[in-house]
Amino acid sequence: QRPGEKKEEIGNYLQKLRKENNLTQEQVAEKLYVSSRSISRWENARTMPDLDYLMDLAKLYGVTIDQIL
């Protein structure tokens with residue numbers, strides 16, 4: 001894998017999960033008490049959510065952290 005490729009995969013997967021759950025970035029941001037800019041950065045692989053947010057995202061989307069990672 002080239003550098004950053006795994007981060008891109010995770011971002012793409014987070015976006016896929018959000019869309020499958022018919023949620024906007026703003027709606028996810030509200031549920032996690034973060035800015036919609038944070039959600040965008042995670043989905044575009046600019047930054048990664050920390051472990052606490054990964055747990056919240058997994059719970060929100062009904063998946064495990066391992067599935068996200």
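Which residues of the largest nonpolar core touch the most other members? I began my notebook with that.

**Ground rules.** I am reading a predicted model, where local features need pLDDT of at least 70, side-chain atom pairs count only at pLDDT 80 or more, and totals for chains, interfaces and linings use all residues. Residues are numbered from 1 along each chain as its sequence is written, and side-chain values use heavy atoms, with hydrogens and water left out.

**Entry 1, the core.** I found Leu14, Val28, Leu57, Tyr61 and Ile68 touching the most other members, in a core of 16 residues. Such a core is a set of buried Ala, Val, Leu, Ile, Met, Phe, Trp, Tyr and Cys residues joined through side-chain atoms within 4.5 Å. Helix H1 (5-20), H2, H3 and H4 each give two or more residues to this core. The largest share, 4 residues, comes from H4. I took helices as DSSP runs (H or I, at least four residues), numbered from the N terminus.

I then listed the contacts of Tyr61 (heavy atoms within 4.5 Å). Neighbours within four places in sequence aside, Tyr61 meets Leu14, Leu17, Arg18, Asn21, Leu23 and Val28.

How do H2 and H4 pack, and at what angle? I read about 120° between helix H2 (residues 25-32) and helix H4 (residues 51-61), with axes 11 Å apart. That angle makes H2 oblique to H4; angles under 35 degrees count as roughly parallel, over 145 as roughly antiparallel, 65 to 115 as roughly perpendicular, and the rest as oblique. From H2, Val28, Lys31 and Leu32 meet Tyr53, Asp56, Leu57, Leu60 and Tyr61 of H4. I sorted the residues of this contact into 6 nonpolar, no polar and 2 charged.

Is Ser40 buried or exposed? Ser40 has 18% relative accessibility, so I put it down as buried (under 20% relative accessible area is buried, over 50% exposed, partly exposed in between, with a 1.4 Å probe and protein chains only). Ser40 sits in helix H3 (residues 36-43). Beyond its neighbours within four places in sequence, Ser40 is in contact with Gln25 and Arg46.

Most residues other than glycine have a negative phi, and I looked for exceptions. Asn22, in the loop between H1 and H2, has phi near 55°. Tyr33, in the loop between H2 and H3, has a positive phi of about 60°. Asn22 counts as exposed at 68% relative accessibility, and Tyr33 counts as exposed at 75%.

Technical notes:
Axes are lines fitted to C-alpha atoms, for helices over the stretch in contact, and angles run from 0 to 180 degrees between N-to-C directions. Ala, Val, Leu, Ile, Met, Phe, Trp, Tyr, Cys and Pro count as nonpolar, Asp, Glu, Lys and Arg as charged, and the others, Gly among them, as polar.
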